[in-house]
Amino acid sequence: MTEVLEVIVEALVDHPEQVRVTEVSRQGGNVHLEVQVAPGDLGKVIGKSGRIAHAIRAVARVAANRQHLRAMVEFVS
Amino acid sequence: MGQVEAEQQNTEAEEPYTPGDVAADFVQDVLDAIPLDAEVELEQTADGAWLVDVVGPEAGEIIGRYGNTLNSLQYLASLVTNRRSGEHTRLVLDANGYRERRRNALVDQALTLAAEVIRTSQEAELDPLGAFERRIIHNALANHPQVTTYSEGEDPDRRVIIAPRPPA
């Protein structure tokens, strides 16, 4: 699940080498994932009114569903 | 230079890395990372848009409810492609013929609702749709003699209204 987030986010930002995706916690069927990007790249993964973040979460959900998990994806810099 | 190298260079010269290739490679990387057993096929339509078609046993998994996931991945692929190619690329992502089936369903819905509008002489509205799908409705009824269409509201709640056409 971290892999799909890495593939998408690295393709969107100016500094792909600074992208870090980590699983913060996992409780029951819920996984909390954190996507860290360079400070100047945060807008590139969130977008106007969160439109890009919404799209990233939708695709990540496919990966989560396959493992019968619910993913909570947070973007930070 | 060896013969193989020379041939590779030749191939590259004949087939440049197009915006369509950028999109297709990105989508394939995403499918592999999920992972889904699916492959992309790339073609360019007559009007210059790139069509990336996802096919294979698990291609349907990427569609989502009402095509929500497919639209999200299409949006991301457009961002990546425009960014890498530095130009605006028209991109359509499809999976197992979903767009065609969805288009037919939307046109059917538009025609059914248009008949209702004519029967009652009252406006009627469709469920909220994205810009791409609203355009399918507008186009389907563009030349209709008895109804006209317009959109109302803000995304993501923007919807098409079908209204009786005022007599000319």
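**View 1. Helix H1 of chain A against the sheet.** Helix H1 of chain A, which covers residues 2-12, lies across S1, S2 and S3 of chain A and runs at about 30° to S2(A). The structure shown in this and the following views is a predicted model.

**View 2. The open sheet of chain A.** The sheet that H1(A) lies across is an open one, formed by three strands of chain A in the order S1-S2-S3, and its pairing is mixed. Its edge strands are S1, made of residues 20-27, and S3, made of residues 70-76, each of which pairs on one side only. On average, and with direction ignored, neighbouring strands of this sheet are turned by 20° against each other.

**View 3. The pairing of S2 and S3 in chain A.** Strand S2 of chain A, residues 30-36, pairs with S3(A) in the parallel sense, and this pairing extends over seven bridges. A position to look for here is A:Val35, which stands opposite A:Phe75 of S3(A).

**View 4. Helices H1 and H3 within chain A.** Helix H3 of chain A, residues 51-66, packs with H1(A) at an angle of about 155°, and the axes of the two helices are 9 Å apart. Angles over 145 degrees count as roughly antiparallel, and H1(A) and H3(A) are therefore roughly antiparallel to each other. In passing H3(A), helix H1(A) makes a right-handed crossing. On the side of H1(A), the contact is made by A:Val4, A:Leu5, A:Ile8, A:Val9 and A:Leu12, while H3(A) contributes A:Ile52, A:Ile56, A:Val59, A:Ala60 and A:Ala63. Sorted by class, the residues of this contact are ten nonpolar, no polar and no charged.

**View 5. Helix H1 of chain A with helix H2 of chain B.** In this view H1(A) packs with a helix of another chain, namely H2 of chain B, residues 19-33, at an angle of about 160° and with the two axes 8 Å apart. Because of this angle, H1(A) is roughly antiparallel to H2(B). The crossing in which H1(A) passes H2(B) is right-handed. Helix H1(A) brings A:Glu3, A:Val4, A:Val7, A:Ile8 and A:Ala11 to the contact, and H2(B) brings B:Phe26, B:Asp29, B:Val30 and B:Ala33. Seven residues of this contact are nonpolar, none is polar and two are charged.

Key
Residues numbered from 1 in each chain as written. Chains lettered and ligands numbered in written order. Predicted model: local features only at pLDDT ≥ 70, side-chain atom pairs only at ≥ 80, totals over all residues. Heavy atoms only, no water. Pairing = 2+ DSSP bridges. Helix = DSSP H or I, 4+ residues; strand = E, 2+ residues; numbered from the N terminus. Axes fitted to C-alpha atoms, helices over the stretch in contact; angles between N-to-C directions. Contact = heavy atoms within 4.5 Å. Parallel < 35°, antiparallel > 145°, perpendicular 65-115°, else oblique. Left-handed = near helix turned anticlockwise from the far one by under 90°. Nonpolar A, V, L, I, M, F, W, Y, C, P; charged D, E, K, R; others polar.
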